[in-house]
Amino acid sequence: MNVPFLDLKASYLELQSEIDTAIQRVLHSGSYIGGAEVEAFENEFADFCGARHVVGVANGLDALRLALLALGVGPGDEIIVPSHTFIATWLSVSQCGATPVPVEPIEGGFNMDPQQVADRVTPRTKGIIPVHLYGEPADLASLIDIANRHGLFVLEDAAQAHGAVYRGRRIGSHGHAVAWSFYPGKNLGAFGDGGAVSTNDEALARRVRMIGNYGSRTKYVNDVIGYNSRLDPVQAAILRAKLPRIDEWNARRSSIAERYSQAFASQLAAPAGPQERQGHAWHLYAVRHPERDQLQKQLSDVGVTTLIHYPRPPHLQEAYASLGFGPGSFPMAEQYASTLLSLPIGPHLTQAQVDHVIDAVMNGVSSIS
Ligand SMILES: *Cc1c(COP(=O)(O)O)cnc(C)c1O
């Protein structure tokens, strides 16, 4: 039996007529940049994530970068970021001319440790970017408290957290701004690139829109040196068709996660304890194993595709050599890079496929040890 890591086409087939209709609607509208479709998605996604304003942009990296620029980040500023994250979180900071200041995850978890964040604040610190990694909300209450004490902003990287809930409210408006990606593999994915910024701050939303629109509020009047970063209306229409399904798809992810956690309880460290599973969007289900590469090969031999998120932390990338970090600088991020393995958890896995993954993991783990 084959278990793909994520069957993207399945989400199209499930919604084929809605999506075909949505694309046709855009083609017949004669409006191919911005327009009613993008505006409708922005409003619907704002309702979904509980934010007053949503601004569509070209991708998740731009969502982070434009939000940082709108928050006034520039050269000389320091932004606190996780050591263990996808590199886009760091790149957005560097693209503004600011410096990413990494902190390690909390012991036993994947998200940034607020205590270490507090320790890293300097007079140059301007903000904090928590990432809700793998779909698990970060400790926002502590981070927002630190931010308020030091006059910093909190920009949430929610690229993996569509539909996640923190303390009874969906991710979308806890921090000053929230950056979203609609990359196809995300919980809410387009069939191409897409992204958005959500916020309750109207002036900030307008600034993001202005910077992503050539630095212009009024056509041919340019206030700042801006960018061209827009959400494509075809993608907006596809996202509108998918949005009503997200809760159901996330519930399916969550039930697969529960099955995995129960099955592996005696064998593997679960990616989240019972407390953390509340509100988790289960973008990824990452297990830890000291012989990760061997486990990955065993799974692959029986048709189970797994991925590694992420095999090399940002601080050890050539791109960040200039920051002067080396092996040992962030031991937890490095340890995660060598021991984590993401199992398939897509909403279109069949019961039989989930069973097959469980058997394959149990057999793999017992044959290694
Ligand atoms: C996917 C992702 C991004 C970037 O999104 P793109 O749309 O690919 O630019 C940023 N941060 C995290 C944590 C991500 O997983």
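Hi everyone, and thanks for coming. What we have here is a predicted model, in which local features need pLDDT of at least 70 and side-chain atom pairs count only at pLDDT 80 or more, while totals for chains, interfaces and linings use all residues. Residues are numbered from 1 along each chain as its sequence is written, and side-chain values use heavy atoms, with hydrogens and water left out.

Let's start with the helices. Helices here are DSSP runs of H or I with at least four residues, strands are runs of E with at least two, and both are numbered from the N terminus. Axes are lines fitted to C-alpha atoms, for helices over the stretch in contact, and angles run from 0 to 180 degrees between N-to-C directions.

Take α9, residues 233-242, and its packing against α2, residues 16-29: the angle is about 150 degrees and the axes are 9 Å apart. That makes α2 roughly antiparallel to α9, the label for angles over 145; under 35 counts as roughly parallel, 65 to 115 as roughly perpendicular, and the rest as oblique. From the α2 side, E18, I19, A22, I23, R25 and V26 make the contact, and α9 brings P233, V234, A237, I238, R240, A241 and K242; contact means heavy atoms within 4.5 Å. By class, that is nine nonpolar, no polar and four charged residues. Here Ala, Val, Leu, Ile, Met, Phe, Trp, Tyr, Cys and Pro count as nonpolar, Asp, Glu, Lys and Arg as charged, and the others, Gly among them, as polar.

Now, α9 has another partner. The axes of α3, residues 36-49, and α9 come within 8 Å and cross at roughly 40 degrees, and the two helices are therefore oblique to each other. E37, V38, A40, F41 and E44 of α3 meet P233, A236, A237, L239 and R240 of α9. That contact divides into seven nonpolar, no polar and three charged residues.

Elsewhere, α4 (residues 60-70) and α8 (residues 202-212) cross at roughly 115 degrees, their axes coming within 9 Å. L66, A67, L69 and A70 of α4 touch L204, R207, V208, I211 and G212 of α8, a set with seven nonpolar, one polar and one charged residues.

On to the ligand. Which residues surround it? They are N59, G60, L61, F86, A88, V131, D157, A159, Q160, S181, Y183 and K186, where being near takes a heavy atom within 4 Å. A polar backbone atom of G60 sits 2.8 Å from a ligand oxygen. A polar side-chain atom of D157 is 2.8 Å from a ligand nitrogen, and one of Q160 is 2.8 Å from a ligand oxygen.

Two backbone details to finish. The peptide bond from H309 to Y310 is cis, with omega near 10 degrees, and Y310 lies in the loop between α12 (292-301) and α13 (331-339). Then there is Y134, not a glycine, yet with a positive phi of about 65 degrees; Y134 is in the loop between β4 (125-128) and α7 (140-150).

That's my tour, and I'm happy to take questions.

How values were computed: Polar contact = N/O pair within 3.5 Å; in protein donor to acceptor, adjacent residues only side chain to side chain.
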